[in-house]
Amino acid sequence: AGEITIPKNYSLGYLEQHLSFSRPTLLEEACLGLPAVHKYESWRVEKILFGLGFTKEDLSRPPELFSGGFQVRLNLAKVLVAEPNLLLLDEPTNYLDKEHIDWLADHLNNYPNSFIVISHDTIFLNNITNVIFNIEP
């Protein structure tokens, strides 16, 4: 029992596990993550998409044509571009190769807000965190 209180104008973001898309192109879908103050700044989205392994040619493709792993990357891009006050990531490296895990680590090391990451990848965690809680049964 308890109560969760979130301050006014404080945003939470999490990596959506459900894959559902409503826009006709990868870029348009990813732009849904942009905060209202940046809604016309698609370059922010492109920067993150390219960092996660998408190409310029991919930007105009429908999200449904990508593999499940790349669809999860798209959801990751949407939450990263939103820059919530608190970012919650559950196993964000699952569908990333080493190059893109390194990119994500660099991105999080420069992230302007707080984040909590759940991961079994101890190398990744050691590269992005100041405090690690190890929870075992």
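Biologist: Hi! How many bridges join E1 to strand E2?
Modeller: Three bridges join E1 to E2, residues 86-90, and the two run parallel. Strands here are DSSP runs of E with at least two residues, helices are runs of H or I with at least four, and both are numbered from the N terminus. This is a predicted model, in which local features need pLDDT of at least 70, side-chain atom pairs count only at pLDDT 80 or more, and totals for chains, interfaces and linings use all residues. Residues are numbered from 1 along each chain as its sequence is written, and side-chain values use heavy atoms, with hydrogens and water left out.

Biologist: Which residue is the bridge partner of Leu12 in E2?
Modeller: Leu86 is the partner of Leu12.

Biologist: And how many bridges join E2 to E3?
Modeller: Five, again with parallel strands. Here Leu87 has Phe115 of E3 as its bridge partner.

Biologist: Nice. What order do the strands of the open sheet have?
Modeller: The order is E1-E2-E3, three strands with parallel pairing (two strands pair if DSSP finds at least two bridges between them). E1 (12-14) and E3 (114-118) are the edge strands, each pairing on one side only. From one strand to the next, the twist averages 15 degrees.

Biologist: Which helix packs on the sheet?
Modeller: H3, residues 68-82, which touches E1 and E2 (contact means heavy atoms within 4.5 Å). The direction of H3 makes about 165 degrees with that of E2. For such angles, axes are lines fitted to C-alpha atoms, for helices over the stretch in contact, and the range is 0 to 180 degrees between N-to-C directions.

Biologist: At what angle do H3 and H4 cross?
Modeller: At roughly 10 degrees, with the axes of H3 and H4 (residues 98-109) coming within 13 Å. That makes H3 roughly parallel to H4 (under 35 degrees is roughly parallel, over 145 roughly antiparallel, 65 to 115 roughly perpendicular, and the rest oblique).

Biologist: Which residues in H3 and H4 meet?
Modeller: Arg73, Leu76 and Leu80 from H3 meet His100, Trp103, Leu104, His107 and Leu108 from H4.

Biologist: Switching topic: how many salt bridges does the structure hold?
Modeller: Four, each with a side-chain nitrogen of Lys or Arg within 4 Å of a carboxyl oxygen of Asp or Glu. One of them is Lys78 with Glu29, where the closest N and O atoms are 2.7 Å apart.

Biologist: Where do Lys78 and Glu29 lie?
Modeller: Lys78 is in helix H3 and Glu29 in helix H1 (residues 26-30), so the pair ties together parts that are 49 residues apart in sequence.
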